[in-house]
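Please read them alongside the sequence and the coordinates.

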Amino acid sequence: MIIGSHVSMSAPDYLLGSVKDALSYDANALMVYTGAPQNTIRKSVASLKVEEAKELLKSNNIPFDRMVIHAPYIINLANTIRPETYDLAVSFLRQEIDRVTEIGATYLVLHPGSYVGATLEEGIASIIQGLNEVVKEDDDIIICLETMAGKGSEVGYCFEQIKLILDGVRYLNKYGVCLDTCHIHDAGYDVLNIDSVLEEFDRIIGLDKLYVVHLNDSKNIKGAKKDRHANLGQGEIGFEGLYQVAHHPLLEDKIMILETPWIDDQPPYKEEIMMLRK
């Protein structure tokens, strides 16, 4: 099982510290932001101790492509009402792609966006337009569109919407999907019947396009469209259902990432990873 968690990145060790955190959880994968997800302030990649992080992963027999990068939340390619929001999304996504490339990572997880004040169709068209503006043929990364919970005007809460985006992009080989168990549960999918969910995903999108799984429980009932993560076994999906996802034979080569809440200001990831490995 390829399993890790979201880990922080901060001075003075930056990515080296992120890898140290992941190893302390007995993880063999990890996910980081290259800076704060809520703003555009970024340290230069040269200062992030990338080579030291790579060496530490290598010494623990962990491939560097298991370090997943998450794009910042403020990127919203679906906004057609405020041109400045769309323009920021385009320029900042390009900057993030360049940073991921400089770091040498493979996967960049991206929230598709929200069509605030417009229609779903306009939002999807805007996402496609933005991706086609930004992504170049020689980019050596895979942008993983994340499945969303459907709160507000989010795009991507059903597989058909993700497929519409993938059908519209220019360089399809530069794209994949990140499946979030909390999000799809909140969107109305029956995670407890994971065989059926994966069959539907494969029929609509194709499991060959699935690279990353965010493994989270949910505080909400199925179909609530709220997006509130819970610790494994402490939510409406339950531990048994998430265990089945983590050990599903069709997902054995996917990178599993925990984004569960901290408990009493402490990360729960070592314990949750141990629970999943039992």
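**Notes on the model**

1. Charges. The chain has 26 positive and 42 negative charges, and their mean positions lie 3 Å apart. Lys and Arg count as positive, Asp and Glu as negative, while His and the chain ends are not counted. Each charge is placed at NZ of Lys, CZ of Arg, CG of Asp or CD of Glu.

2. Basis. This is a predicted model, in which local features need pLDDT of at least 70 and side-chain atom pairs count only at pLDDT 80 or more, whereas totals for chains, interfaces and linings use all residues. Residues are numbered from 1 along each chain as its sequence is written, and side-chain values use heavy atoms, with hydrogens and water left out.

3. Overall fold. The chain contains nine helices and ten strands (DSSP runs numbered from the N terminus: H or I of at least four residues for helices, E of at least two for strands). Its radius of gyration is 18 Å, close to the 19 Å that the globule rule gives for 278 residues, so the chain is as compact as a globular protein of that length. The radius is taken over C-alpha atoms, and the rule is 2.2 Å times the number of residues to the power 0.38.

4. Of the 278 residues, 56% count as buried (under 20% relative accessible area; exposed is over 50%, partly exposed in between; 1.4 Å probe, protein chains only). Among contacts with a separation of 6 or more, 77% are between residues 24 or more positions apart; contact means heavy atoms within 4.5 Å.

5. His-70. This residue lies in strand E3 (residues 67-70) and counts as buried, at 2% relative accessibility. Its side chain is joined to that of Glu-146 by a polar contact of 3.2 Å (a pair of N or O atoms within 3.5 Å; within protein, one must be able to donate a hydrogen and the other to accept it, and residues adjacent in sequence count only if both atoms are side-chain atoms). Leaving aside neighbours within four places in sequence, the contacts of His-70 include His-111, His-214 and Glu-259.

6. Lys-254. The loop between helix H8 (239-246) and strand E10 (255-258) holds Lys-254. Lys-254 is buried, at 8% relative accessibility, and its side chain reaches the backbone oxygen of Leu-210 at 2.8 Å. Beyond four places in sequence, Lys-254 touches Ile-2, Leu-207, Leu-210, Tyr-211 and Val-213.

7. Gln-244. Located in helix H8, Gln-244 is partly exposed, with a relative accessible area of 38%. Its side chain makes a polar contact of 2.7 Å with the side chain of Glu-240.
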